[in-house]
Amino acid sequence: MNLGELFPYLQREFVYPVSTDHVLEQAGELEIDAPDHEDSETIESILTRLGSETYRSPNELYTTIIGSVTDDYIGRKFYDDRGADPAETWAAAGDEDRSF
């Protein structure tokens, strides 16, 4: 299952509040696809790292899951679409003492 399908699934499949144990019992084997489609994780592998909780809403469960996936779910790590860090650009050009 891709991350875009996860929230509707959590809304549809559970009555809230719901415990971690119930989520694992019903959907623990469900795989959440990583963007590279190679390093998927199960809901069980994600939630067992966090211990036992009670989720009051689908949003709370969803944000817990997506906030706890591994780095394999991050696109280009440390990517910034706003351009390079000016300090790095200046250092590469040998102009380390430049100030704003």
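The model is predicted: local features require pLDDT of at least 70, side-chain atom pairs count only at pLDDT 80 or more, and totals for chains, interfaces and linings use all residues. Residues are numbered from 1 along each chain as its sequence is written, and side-chain values use heavy atoms, with hydrogens and water left out. The chain contains five helices and four strands, where helices (H or I, at least four residues) and strands (E, at least two) are DSSP runs numbered from the N terminus.

**Overall architecture**

- Along the sequence, the elements follow the pattern α-β-α-β-β-α-β-α-α.
- Of the 100 residues in the chain, 27% are buried; buried means under 20% relative accessible area, exposed over 50%, and partly exposed in between (1.4 Å probe, protein chains only).
- Among contacts with a separation of 6 or more, 50% join residues 24 or more positions apart; a contact means heavy atoms within 4.5 Å.

**Nonpolar core**

- The largest nonpolar core has 17 residues, of which Leu10, Phe14, Ile43, Leu61 and Ile65 touch the most other members.
- Helices H1 (3-13), H2 (20-27), H3 (43-47) and H4 (58-66) are the elements that each give two or more residues to this core.
- A nonpolar core is a set of buried Ala, Val, Leu, Ile, Met, Phe, Trp, Tyr and Cys residues joined through side-chain atoms within 4.5 Å.
- Not counting residues up to four places away in sequence, Leu61 touches Leu10, Phe14, Tyr16, Val23, Leu47 and Tyr55.

**Helix H1**

- The buried residues of H1 are Leu6, Tyr9 and Leu10.
- Viewed down the axis of H1, these buried residues fall within an arc of 100°, so they line one face of the helix; the arc is that of the directions from the helix axis to the C-beta atoms.
- The exposed residues Gly4 and Arg12 are on the face of H1 turned away from its buried side.
- The cover over the buried residues of H1 includes H2, strand S2 (31-32), H3 and H4.
- At the start of H1, a side-chain oxygen of Asn2 comes to within 2.8 Å of the backbone nitrogen of Gly4.

**Packing of H1 against H4**

- The two helices pack at an angle of about 145°, and their axes are 9 Å apart; axes are lines fitted to C-alpha atoms, for helices over the stretch in contact, and angles run from 0 to 180 degrees between N-to-C directions.
- On the H1 side, Leu3, Leu6, Phe7, Leu10 and Gln11 take part, meeting Pro58, Asn59, Leu61, Tyr62, Ile65 and Ile66 in H4.

**Thr42 and Glu29**

- Thr42 belongs to strand S3 (residues 41-42) and is buried, with a relative accessible area of 18%.
- Apart from neighbours within four places in sequence, Thr42 is in contact with Gly28, Glu29, Leu30 and Glu31.
- Glu29 lies in the loop between H2 and S2 and counts as exposed at 62% relative accessibility.
- With neighbours within four places in sequence again set aside, Glu29 is in contact with Thr42 and Glu44.
- Glu29 and Ser45 are 16 residues apart in sequence, and their C-alpha atoms are 8.7 Å apart in space.

**Cis peptide bond**

- Most peptide bonds are trans.
- The bond from Tyr16 to Pro17 is cis, with omega near 5°.
- Pro17 lies in the loop between H1 and strand S1 (18-19).

Notes
A polar contact is a pair of N or O atoms within 3.5 Å; within protein, one must be able to donate a hydrogen and the other to accept it, and residues adjacent in sequence count only if both atoms are side-chain atoms.
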